Amino acid sequence: MTISLLLAHAPKAKPRPHSRPGGGRYSPKDYEDWRGEIALLAQEQYRGEPLTCPLQVSIIIAGPQRGRADLESYVGALMDALGGYRKGNRPGIAFDDDDQILVLEARFEAAPDWLLSVTIREIAAPDYPKPAKKKKAKA
């Protein structure tokens, strides 16, 4: 199966998590808002179940300027918006978890308007085990 998404939206760099007084971490509100906007755009184009198998992801970030962030930060933000996350038990839109991504291609392209192109393909990887969950150290 292949999922192809064309998202007419500017990219956003994945920020470093902020610490809460008394413990815990959170992402800035503008980043959470951006993730929600990307998720809504993706849901308009893909209404199936999140993929749960090994994946190849190709990303093209096209726009009038590259911005100050590096490619990895933009890709991380897109993966956050399209995948699920365990802490909030939020299901992914296109895939369950970014640890499913075994092949990743990404590039910038010049364009008059912003367009985020994401192609997600199932790949065969029968000998690739899913990473074991990390055990918390006992205090």
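Helix H2 (residues 71-82) lies across S1, S4, S5 and S6 and runs at about 120° to S5. Contact here means heavy atoms within 4.5 Å; helices (H or I, at least four residues) and strands (E, at least two) are DSSP runs numbered from the N terminus. Axes are lines fitted to C-alpha atoms, for helices over the stretch in contact, with angles from 0 to 180 degrees between N-to-C directions. The model is predicted, with local features requiring pLDDT of at least 70 and side-chain atom pairs pLDDT 80 or more, while totals for chains, interfaces and linings use all residues. Residues are numbered from 1 along each chain as its sequence is written, and side-chain values use heavy atoms, without hydrogens and water.

The sheet is open and consists of 4 strands in the order S1-S6-S4-S5, with mixed pairing; two strands pair if DSSP finds at least two bridges between them. Strand S1 (2-7) and strand S5 (101-110) form the edges, each pairing on one side only. From one strand to the next the twist averages 10°. Strand S4 (residues 55-63) runs parallel to S5 and is joined to it by 9 bridges. Gln 56 stands opposite Val 103 in S5.

Helix H1 (residues 29-45) lies across S1 and strand S6 (115-122), at about 125° to S1. The axes of H1 and H2 come within 8 Å and cross at roughly 60°. Tyr 31, Trp 34, Arg 35, Ile 38, Ala 39 and Ala 42 of H1 make the contact with Gly 76, Ala 77, Leu 78, Asp 80, Ala 81 and Leu 82 of H2.

The whole structure contains 6 salt bridges, each defined as a side-chain nitrogen of Lys or Arg within 4 Å of a carboxyl oxygen of Asp or Glu. One of them joins Asp 80 and Arg 35 (3.8 Å, N to O). This pair links distant parts of the chain, with Asp 80 in helix H2 and Arg 35 in helix H1, 45 residues apart. Asp 80 is buried at 16% relative accessibility, and Arg 35 is buried at 10% (buried, under 20% relative accessible area; exposed, over 50%; partly exposed, in between; 1.4 Å probe, protein chains only). Salt bridges with shared partners connect Lys 14, Glu 32, Arg 35 and Asp 80 into one network.

Asp 33 forms a salt bridge with Lys 29, with the closest N and O atoms 2.9 Å apart. These residues are separated by about one helical turn because they lie 4 residues apart in helix H1. Lys 29 is exposed at 60% relative accessibility.
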